[in-house]
Amino acid sequence: MEEGPKTVAGSRIMLILLLRNLINNAIQYNHRGGQVKVEIGTNDQQTYTLAVRDDGRGIAPENRSKVFDCLF
């Protein structure tokens, strides 16, 4: 799902839950023996980038618009 960066703001707890969910999904839906990579970078003092990548089959096109929907 290489559609470019998304800006996300939230509390520390919400961002931790988001990261945990992204990593869990990458592990759960990856193929056996696949890799999951977490990359963290910074653009300046207050802007950070985070990428969770795996080599699984990806998110179905009909579900991509729901990736950042929140259940809370």
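In what order do the elements of the protein chain run from the N terminus on? The order is α-β-β, made up of 1 helix and 2 strands. Helices (H or I, at least four residues) and strands (E, at least two) are DSSP runs, numbered from the N terminus. The model is predicted, so that local features need pLDDT of at least 70 and side-chain atom pairs count only at pLDDT 80 or more, while totals for chains, interfaces and linings use all residues. Residues are numbered from 1 along each chain as its sequence is written, and side-chain values use heavy atoms, with hydrogens and water left out.

The protein chain has 72 residues, of which 4% count as buried (buried is under 20% relative accessible area, exposed over 50%, partly exposed in between; 1.4 Å probe, protein chains only). Of the contacts (heavy atoms within 4.5 Å) between residues at least 6 apart in sequence, 43% join residues at least 24 apart.

Side chains of opposite charge can pair when their charged atoms come close. With a salt bridge taken as a side-chain nitrogen of Lys or Arg within 4 Å of a carboxyl oxygen of Asp or Glu, the count is 1. Arg53 pairs with Glu39 in this way, and their closest N and O atoms are 3.3 Å apart. Because Arg53 belongs to strand β2 (residues 48–54) and Glu39 to strand β1 (residues 36–42), the pair ties together parts 14 residues apart in sequence. Arg53 is partly exposed, at 34% relative accessible area, and Glu39 is also partly exposed, at 37%.
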